[in-house]
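Thanks for coming. I have one model to go through today, and I will keep to two topics.

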Amino acid sequence: MLTTQQDRLMGEINELVEVHGHDRSALIPILQDIQSRYHAISDFTMQVVADRLEIHPVEVFGVVTFYSFLNEKHHGHFVIRVCRTISCDMAGKDAVAQQLRSDLGIDFGETTSDGRFTLEWANCIGMCDQGPAMLVNDHVLTHVTPERVHDILAACEKTFGPHTPQSDEEHTL
Amino acid sequence: MKDTNACADDTCRAPVSQRTQVVDAPGTSATVKLKIDDHELNIPMGTTILEAARELGIHIPTLCHHDDLCVAGVCRVCLVEVEGQNTLQASCAYPITQPITVKTHTRKVRQARRHIIDLLLSKHYGECYSCFRNNNCELQSLAKEYGVDFFRFGHPEKPLYEVDRSSYSVVRDMNKCVLCRRCIRTCIDLQEVGVLEAAGRSDGTTISTYLDKPLGEVVCINCGQCINRCPTGALRAKDRTDDVWAAIDNPEKHVVIQTAPSPRAGIGEEFNQEPGTPMTWKMNTALKRCGFDKVFDTNFTADLTIIEEGTELILRLYKNLVQSDSSQPLPQFTSCSPGWVKYIEHFYPEYLPHVSTCKSPQQMFGALIKTWYARMNNIDPANIVSVALMPCSAKKFECNRPEMRDSGYKDVDNGLTTRELAQMIREAGIDLPEMPKSDFDNPFGTATGSGVIFGSTGGVMEAALRSVIEFVTGKKVENFYDHANIIPVRGFEGCRYAELQIPDEVGPVPELIQHLVPNWDWLKGATLKVGIAHGTANAKKVMENIKAGGKFSECHFIEFMACPGGCLGGGGQPIPTSPEIRAARARAIYAEDAAYGDAGKARKSHENPAVLRLYSEFLTNGPCGHKSHHLLHTHYTARGKYIG
Amino acid sequence: MTIRNNMTLSSVEKNKGLAAAMKMEPAGVIGIIRGSGMKGRGGAGFPTGAKWHFAASAKGERKFVVCNADEGEPGTFKDRVLMDEWPDLIFEGMTIAGYAIGAQEGILYLRGEYTYIRKALEECLAKRREENLLGNHVLGNSNFSFDIHIHMGCGAYVCGEETALIESLEGYRGEARNRPPFPVNTGLNGMPTIVNNVETFAWTSAILVNGADWFKAIGTSKSTGPKMLSISGDVECPGVYEFPMGTTVNDVLDAAGCDCAKAVIIGGASGHCLPPAEFSRAICYEDISTGGAVIVFGPDRDMLDVAESFLEFFADESCGQCTPCRIGNVKLLEGVRMLKCGKCSTNCLRDLCALGETMQCASKCGLGQSSPNAFLSIVRHFKNEILGRACTAAES
Ligand SMILES: Cc1cc2nc3c(=O)[nH]c(=O)nc-3n(C[C@H](O)[C@H](O)[C@H](O)COP(=O)(O)O)c2cc1C
Ligand code: SF4
Ligand code: SF4
Ligand code: SF4
Ligand code: SF4
Ligand code: FES
């Protein structure tokens, strides 16, 4: 990473620490904000956050690897999480999943080479009555069918916008 | 003796409610009725079921529980049935606050324990006969205790993890890990280094370093405390016995071994002796029989360290107090614990100027063996293999530091832990407790009692004070402290502070250091303030106190030891460890010191005849002189905590 | 849109309950909740009044009210509907609880998957602050100040378990704690803390408006009040339904439109599976207790697929700290996969069932204690379907 980038990131982390606090309880909110801005929590971030909160980097690492929504590896701008739990399964999630695989050319757990889409499984997202359901970033889509997959992907950018500043402001308000 | 190194509340990182059992009792003396198996008794409120059972001699198996560490309650091996509860309860984590009835080995309990062991084995890759914990493994004992005769839930056929051998000191084989998390609690709570933590979740949970980097690349201080508390063979010290045997077997090589005081107080445990059975003189014979050419006493250089470090302290005091020169600031920190040295290099690099430039006794000895000793005996230093028997895994890292080659060779070729030596002795077919006694070899001979107590927390301080007091007052320490036992600095309190009054009457400056200070007038009536910390969690407390300008910042001299209890609790000592075992080893060490006095031998470093001879024959420009600076002093690397 | 039937909460007047509470002593409020007999709506069914009483009498400089909106149980979505429709009643209930136990701070722990609901909830909170329903001196009561903030979950089902939730709030991995001590004594930051389900708080507001007797008159003697159920699976009208406690499974199936169910799982992935012969059983704490998930399976469903799906869920969501749950779920999953391809001996199945029982009694928290439920009940009721399967190639 370039020094200027590092400086900028450091500045952002300092700001987040001001907003969320210096205690350990601020750790997860800080990481969530970084995750939504950068689609990953980098090595550098973990060490700076650890330093600011006076904990060990390995503790940050332990937390990041515990929660599904925090990742050390880079995620795409659009993270698509398909619910795989029973009700959505019975409602036909396999067909939707297959279409997503084909249209994106990646398997679950992977990110497209242009860094735009990441495909993941989700455990029950609370839309069991309207399955198959999936999340695209923070947005929920229900009654998804294989035919709709193409339109959803095409509309991603237009409808939802990249998962950055706008949703941040909501977070930090 | 309460060992305050057992996980202390204020440094413990475990969530509050996992460790302090908050007891809503009117008075501390409140008791509660417990019925456990056939026993009925009253116990203090808040006692855990496990503690109560142990008091009564009822055996409940455990795995994740350790006396030094806060409660985890994760392995579930210690389950018992509490009447009225649907689920079984982990006895280690169940504080009794109401009258209860407990059954410790019902069918349900036995079946659950057996299943848990079966489950652990289904993920455990390792063959006992090729494992260093064979016969001393808590998992193996459990399997035996519960009669495991087949793998109910399968057994891995091949290893899942690569063994991490990147560290000079600690080898991690996660294939044998049972995820009891003792190492995490050791590293984060007890030692406050924070190298290990659980990563991932569910079946993917592992014990991980930061980003799963090799241990050699993270901030590990090599203290080995995690090894001593691991129930299995997942953690071990790097084994050097093959190299040492190879040297012994090579007739060209002159193999010498120096032995530190703590292994002698601990090695008996490897041979079924009670903890605290001293083995010094028997071990000398065993070492000779193993084939070492010479057996030396590290205490010789412990004494030498006292002279060098004591002189350095006097110089620092003189410069700071008289000459207003703060280039070498106070307080001076000891430097003999390599775990502590690496700790400060990582976490408080800005304080490195406080660290004494003296090498540790091990490294001083190494430098002298390949110079003075080689010259005296006409041996080519290239043919000397210098081995150090240490209670410590960090010494393995230390001897590999690039700075440690001042003799022109690697000053110490191999560090062996107590456990490795026990292995060698067994391999040579020697029954240690049955050995006849023999003395150390010359020219270093037998050291003083001060050297011996280096092994215990407070020992370096006591040894240094014995010499400094005599230097300055010109009187015997015995005039101030009975039998020269400086009790105020002894004990197991995690952080200790003591003040010593220097009398108004001072003596002449001894010849050895006359060229360094003109007189003692400037010390008349002064108060010498000293501090002691053992276990890096306590070291951290002291460092934070200094940073905040607390009382430790006013100290003149502070002893730091990385390991709980000092070297006697080192990461290379026999397993298991507990507060009681460490206390027993400490008793052995102080008894050896006292025995020196009873036998009329020297107990103060500056009385060591071999040390005096060294200064007159070899280090002719005296303590902290040019030559000793070259061979006996070193410098440090500001490493910082950033993990590259 | 989620289908739902007529709901009592629609007719509950907002903030009337809070206003009523402000006129009482805190102990009086707890008395009413106790009197209503309400048990927690999150699944475990602990009497709410008793929990509040413990927290109120516990000593602590600060106390906390936590609303558990981590709704992660497969098949449960009633809390989402409650938060969509009646956020005020939930926050009101939390405020009442805060008053009752003497807390100054409330936290709504919202699962990360529900981030899209957050905005509306924040707006609701802002409005309540403006109207002095939150903040300093709530409704002019000079002895009571209370505020609520929202904390986002991060994708971990186990954080619905109350002590894991507290760990997560403190910034740790969501690993359940040893109990005792319980959160009511030693919870968030070591302080007395109550953790209650979203629905529990919503009913709190309703009880303070309509009275404890009204609540008690609904349901059975041991399970009072109405209960929200999330119904999904092979039914015509999946959605959220309100029934009095004690309603039979048959009645529930009728309401949602299903006359050919082969099995129903009550309580989601950690719940129990019932065959048609048991559809006359009642949904209540003394019979089949549940946090509210009802999943219905039609005649063509393979129950081993169901068990596999649930065990995959647990094998992924276990926090991994304790042995029985961490490894046990994986072993059960492997076993189900063997059963599926016709390769599991009867002895092996017996071992698996015994392991399931061990997990139920030996696991550290409710996750591992309930994860074998579905598997065990499926084996019990559908043994014929499970054994004697055609041998197929093991799945890759
Ligand atoms: C694995 C697990 C997950 C849980 N998930 C939830 C949840 O999502 N929502 C909830 O209200 N309670 C959940 N609970 C129950 C809580 O631990 C706790 O009992 C509940 O929040 C108490 O609230 P109540 O008394 O109002 O029901 C869960 C329990 C376990 C063991
Ligand atoms: S760790 Fe224990 S059980 Fe495992 S191989 Fe070594 S001795 Fe055997
Ligand atoms: S050797 Fe010491 S510092 Fe290194 S991992 Fe073990 S306990 Fe931590
Ligand atoms: S490495 Fe050893 S101490 Fe650490 S979790 Fe594994 S078995 Fe336990
Ligand atoms: S039962 Fe499962 S989720 Fe609960 S503590 Fe144990 S491993 Fe974690
Ligand atoms: S020893 Fe009690 S749970 Fe491990």
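Between domain 2 of chain C and domain 3 of chain C, about 1100 Å² is buried, and carbon and sulfur atoms account for 71% of it. On the side of domain 2 of chain C, the residues that lose the most area to domain 3 of chain C are Lys262(C), Ala269(C) and Cys273(C), which together make up 44% of what that side buries. Bear in mind that this is a predicted model.

For orientation, chain C is divided into domain 1 (8-216), domain 2 (226-297) and domain 3 (303-395). The centres of domain 2 of chain C and domain 3 of chain C, taken over C-alpha atoms, are 23 Å apart. In contact there are 13 residues of domain 2 of chain C and 13 residues of domain 3 of chain C.

How many salt bridges are counted between domain 2 of chain C and domain 3 of chain C? The count is 1. Lys262(C) forms a salt bridge with Glu385(C), with 3.0 Å between the closest N and O atoms. Across this interface of domain 2 and domain 3 of chain C, 4 residue pairs are in polar contact.

On the side of domain 2 of chain C that touches domain 3 of chain C, β8 (263-266), β9 (272-274) and β10 (293-297) each supply at least two residues. That side has 7 nonpolar, 4 polar and 2 charged residues.

Second topic, ligand 3. Its surrounding residues include Cys187(B), Cys220(B), Cys223(B) and Cys226(B), along with Asn222(B) and Gly224(B). By class, the shell around ligand 3 has 9 nonpolar, 2 polar and no charged residues.

Technical notes
Residues numbered from 1 in each chain as written. Chains lettered and ligands numbered in written order. Predicted model: local features only at pLDDT ≥ 70, side-chain atom pairs only at ≥ 80, totals over all residues. Heavy atoms only, no water. Near = heavy atom within 4 Å. Nonpolar A, V, L, I, M, F, W, Y, C, P; charged D, E, K, R; others polar. Domains from an automatic or database assignment. Contact = heavy atoms within 4.5 Å. Buried area = accessible area lost by both parts, 1.4 Å probe. Salt bridge = Lys/Arg side-chain N within 4 Å of Asp/Glu carboxyl O. Polar contact = N/O pair within 3.5 Å; in protein donor to acceptor, adjacent residues only side chain to side chain. Helix = DSSP H or I, 4+ residues; strand = E, 2+ residues; numbered from the N terminus.
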